[in-house]
Amino acid sequence: MTPLTTVAAGDGSLIIRSRQAIVWNDDEWRALWAAHMGPEGAPPPVDFTTEMVAAAFLGERPTPGYSVEIVARASEDAGVTLDAVTHQPPPGQIAAQIVTSPFQIVRFPRPTGPVRWTDDQKGAQTFRSADTETSTTGFDVRTASALAYLVGPISGALILFAESRSQAVRFHAWQSIVALGGLWLIGFACYLLAFAMLLISATGFPILLWTASLVWLVWAGVWLYCMWQAWSGRRVRIPVAAEVADRFAPVRG
C-alpha cells in the first residue's frame, strides 16, 4: 500500500468540474493550486525530488455531505494506481441546498514506474512521472532535456523542433535558447564593442575584453549547471528564461 499524506481536503474548491490530476513538478503544482484556490495564495510546500501530488475534484454537488477520497495501491510495474472514491450523503438526510465542490489533494513518495488512475473512472487520465514520461525525440526525457543544453541554443532549437509531446523537454529547450543564447549574444557584443573601442579609446578595450571573458565564464557555469540538473531530472529555473519557457513550453492542441 502506497502511503498518502493529505495536503488539503474539503468541499470549497474553485474547480467545479470532475477532474483528477497528477502533479510531478513545482510549475504544475503552482498552476493546479491557482486553479483550485485562486492565484493569490502560494501552494503548500512539496519536495518534488522525492514526492508527487495527486488531486481529485468531484465537481459541483447540490448539497453538503459529498466527499471524495483518494486510495492508492502499488502496481506490478513498480508504479502506483489511484482510485477516487466518492462518498454521498446518507439516504433521507436533510441538508441545506448549498452548492459544494468536494476535493482531496494528497502527496506520496515518487515511484520508479508510472502513476495512473484506474481506467474505469469517468474522465480518468494516465500520467507518468518525470522518469518515465515519453519523448518524441527518440531519447528518454532526462536525456533529451540534457541534450537541449549540449550546444547551447543550437541544440535547444533542434530538440524543440523534434519534441511535440513532453512539456519538460520543451521547457529545457526553450530555456537553453533564451538563457544560453542570450549570454552568447552578450558575450559577442562585448567582443565587438571591445575592438570598436580601439578606434575611440585604448583604455576601454581591456575593460570590455575582461567583461566579455566574464560573460563567457558565466555562460560555462550556467551551461554545466543546467545540463547536470536536467540529466538529474530536475527543472532548474534561470531568471527571465524560465518565464519565457513557461509561456511557450506547453504542448498545444
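**Salt bridges, sheet and helices**

Reply: Buried stands for under 20% relative accessible area, exposed for over 50%, and partly exposed for the range in between, with a 1.4 Å probe and protein chains only. The model is predicted, so local features need pLDDT of at least 70 and side-chain atom pairs count only at pLDDT 80 or more, whereas totals for chains, interfaces and linings use all residues. Residues are numbered from 1 along each chain as its sequence is written, and side-chain values use heavy atoms, with hydrogens and water left out.

Me: With which residue does the side chain of Asp-83 meet in a salt bridge?

Reply: A salt bridge requires a side-chain nitrogen of Lys or Arg within 4 Å of a carboxyl oxygen of Asp or Glu. For Asp-83 the partner is Arg-73, at 2.7 Å from N to O. Asp-83 belongs to strand β5 (residues 80-87) and Arg-73 to strand β4 (residues 67-74), so the pair ties together parts 10 residues apart in sequence. Arg-73 counts as partly exposed, at 42% relative accessibility. Strands (E, at least two residues) and helices (H or I, at least four) are DSSP runs numbered from the N terminus.

Me: How many salt bridges does a search of the whole structure find?

Reply: The search finds 3. One of them joins Glu-51 to Arg-107, with the closest N and O atoms 2.7 Å apart. Glu-51 is in strand β3 and Arg-107 in strand β6, so this pair ties together parts that are 56 residues apart in sequence. Glu-51 is buried at 17% relative accessible area, while Arg-107 is partly exposed at 27%. Glu-243 and Arg-237 also form a salt bridge, at 4.0 Å from N to O. Glu-243 is partly exposed at 46% relative accessibility, as is Arg-237 at 30%.

Me: In what order do the strands of the open sheet lie?

Reply: Two strands pair if DSSP finds at least two bridges between them. Here 4 strands form an open sheet in the order β1-β6-β3-β2, with antiparallel pairing. β1 (5-10) and β2 (19-23) are the edge strands, each pairing on one side only. From one strand to the next, the twist averages 10 degrees. Axes are lines fitted to C-alpha atoms, for helices over the stretch in contact, and angles run from 0 to 180 degrees between N-to-C directions. Between β2 and β3 (residues 51-57) there are 5 bridges in the antiparallel sense; Arg-19 has Phe-57 in β3 as its bridge partner. Helix α1 (residues 26-37) packs on the sheet and touches β1, β2, β3 and β6 (103-109), its direction making about 150 degrees with that of β2. Contact here means heavy atoms within 4.5 Å.

Me: How is the packing of two helices described?

Reply: Two packed helices are described by the angle between their axes and the distance between the axes. The axes of α4 and helix α6 (residues 241-248) come within 8 Å and cross at roughly 140 degrees. The two helices are therefore oblique to each other: angles under 35 degrees count as roughly parallel, over 145 as roughly antiparallel, 65 to 115 as roughly perpendicular and the rest as oblique. Among the residues making the contact are Arg-170 and Trp-174 of α4 and Ala-245 and Phe-248 of α6.

Me: In which helix is Trp-174 found, and which residues does Trp-174 touch?

Reply: Trp-174 is in helix α4 (residues 167-197). Not counting residues up to four places away in sequence, Trp-174 touches Leu-160, Ala-245, Phe-248 and Ala-249.
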